Amino acid sequence: MRYWFPYPLLSLALLMLWLLINQSLSPGQIVLGSMLGIAFAWAMVNLQPDKTRLKNFGVIAVLAGRVAVDVVRSNIAVMGVILRAGKRPVNSGFVAIDISLRDENALALLACILTATPGTAWLEFDRQTGVLLIHVLDLENGAAWSDLIKRRYEAPLKEIFE
Amino acid sequence: MSHLTDLPTWAAIPVCILLLLGSAITLIGSMGLIRLKTFYGRLHAPTLGASAGTILICVASMITFAVLQNRWILHEILIIVFVILTTPVTLMLLGQSALYRDRIEGKNDVPHKATGEQPDTSGMDI
């Protein structure tokens, strides 16, 4: 089973992508999409990406909800900062966070989350020391930010990937 | 333009609101490029367009064509997904190069690496 379907989730995602692009649910497209999904999963074996297993699907839903709320909230906050930038000096700064995630896919997802929420920008991650450097636009105090990211994102990502 | 006149009012109102909101947010994000004064601050501004702007405009497009063609239109979801997946790449490249340069030039407001070697500046002429 593992031999024929090396990355079942990837194949499924490619099938969904194919059906979405073609805007159809006809049996022909489903067959073609599945064949493409499986073929590309084989091609992926040669690239030898890190294998990760998703563990906790309930936590994924919680995390997705949290990210959606944070995207809305931080969009509003950053708009406020930009519109008030003329009158009030922007208090931005760097925050260094000790991250214990090592899984590549988890880190990639964390990067997507931090980038998708305006106001935080991923700058650098040091694999040896595990220190993540981010830049925060509206910095009130650094310790609170590092705490927030550890609690809100790192903990659920750890549960999902490790 | 015959398309748009076919759109019934009950659909046109939410579509307009979403479009205006999305473009306003993107505009504010672009204004941020001028109003924020530091490079790192400017990194944040375009993400407004990449997150909320893209999502709102894509949802408006989904509603418009779903109503006009009378079926579910979902491929705008792919635009949202790919924009969110790919923005970190550009942002990290820009951020890291700025960080690297500031460290070599010795600007005092940039944090140094916790441990590990400092970037080798000998023989570099910046």
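In chain A, Asp126 stands opposite A:Val131, a residue of β3(A). Helices (H or I, at least four residues) and strands (E, at least two) are DSSP runs, numbered from the N terminus. β3 covers residues 131-136 of chain A and is joined to β2(A) by 6 bridges, the two strands running antiparallel. The model is predicted: local features need pLDDT of at least 70, side-chain atom pairs count only at pLDDT 80 or more, and totals for chains, interfaces and linings use all residues. Residues are numbered from 1 along each chain as its sequence is written, chains are lettered from A and ligands numbered from 1 in the order in which they are written, and side-chain values use heavy atoms, without hydrogens and water.

The strands of chain A form an open sheet of 3 strands in the order β1-β3-β2, with antiparallel pairing. Two strands pair if DSSP finds at least two bridges between them. β1 (93-98) and β2 (120-126) of chain A are at the edges with a single partner strand each, so one side of each has no neighbour in the sheet. On average, neighbouring strands of this sheet are turned by 25° against each other, direction ignored.

Two helices were examined against the sheet. Helix α4 of chain A (residues 104-116) lies across β2 and β3 of chain A, at about 155° to β2(A). Helix α5 of chain B (residues 76-105) packs on the sheet and touches β1, β2 and β3 of chain A, its direction making about 65° with that of β2(A). Contact means heavy atoms within 4.5 Å. Axes are lines fitted to C-alpha atoms, for helices over the stretch in contact, and angles run from 0 to 180 degrees between N-to-C directions.

The contact between the chains takes 39 residues from chain B and 32 residues from chain A. About 3,000 Å² is buried between them, 73% of it from carbon and sulfur atoms. Buried area is the accessible area (1.4 Å probe) that two parts lose on being put together, summed over both. Chain B and chain A share 1 salt bridge (a side-chain nitrogen of Lys or Arg within 4 Å of a carboxyl oxygen of Asp or Glu). B:Arg103 forms a salt bridge with A:Glu124, with the closest N and O atoms 3.0 Å apart. On the side of chain B that touches chain A, α5(B) gives the most, with 12 residues.

Over all chains, the count comes to 4 salt bridges. A:Arg152 and A:Asp70 meet in a salt bridge through their side chains (2.8 Å, N to O). A:Arg152 lies in helix α5 (residues 142-161) and A:Asp70 in helix α3 (residues 57-83) of chain A, so the pair ties together parts 82 residues apart in sequence.
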